[in-house]
Amino acid sequence: MVVETNPSSIASSARIDLLRDVDVAYWCRLLDVDHAQLRRAVQQVGPRAESVVRYLKRELPASGLEYDPPGG
């Protein structure tokens, strides 16, 4: 699954809350990563979704990670 991940199109207020299962499931599905990859990214760059996407693109370049938020 390829999800359009243009960091500039992610709302600057979008945050990933690793304590909320629904948030973790949403972001894992949207970014096509597993829980461990998402947790590692948030630990490295913080909870801002834009930063997490940039980190994942750098760390997982072969994944084709792209993201375009709904309505964005």
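1. Three salt bridges are present in this predicted model, a salt bridge being a side-chain nitrogen of Lys or Arg within 4 Å of a carboxyl oxygen of Asp or Glu. The model is predicted, so local features need pLDDT of at least 70 and side-chain atom pairs count only at pLDDT 80 or more, while totals for chains, interfaces and linings use all residues. Residues are numbered from 1 along each chain as its sequence is written, and side-chain values use heavy atoms, with hydrogens and water left out.

2. Arginine 20 pairs with aspartate 23 in a salt bridge at 3.9 Å, N to O. Aspartate 23 is buried at 18% relative accessibility, whereas arginine 20 is partly exposed at 45%; buried means under 20% relative accessible area, exposed over 50%, and partly exposed in between (1.4 Å probe, protein chains only).

3. Glutamate 50, buried at 13%, forms a salt bridge with arginine 48, with 2.8 Å between the closest N and O atoms. Glutamate 50 also forms a salt bridge with arginine 54, at 3.2 Å. Arginine 48 is partly exposed at 31%, as is arginine 54 at 43%.

4. Glutamate 50 and arginine 54 lie four residues apart in helix H3, about one turn of the helix. Helices (H or I, at least four residues) are DSSP runs, numbered from the N terminus.

5. The largest nonpolar core has 17 residues, of which Ile16, Leu18, Trp27, Leu31, Leu38, Val52 and Leu56 touch the most other members. Helices H1 (21–31), H2 (35–45) and H3 (49–59) each supply at least two residues of this core. Such a core is a set of buried Ala, Val, Leu, Ile, Met, Phe, Trp, Tyr and Cys residues joined through side-chain atoms within 4.5 Å.
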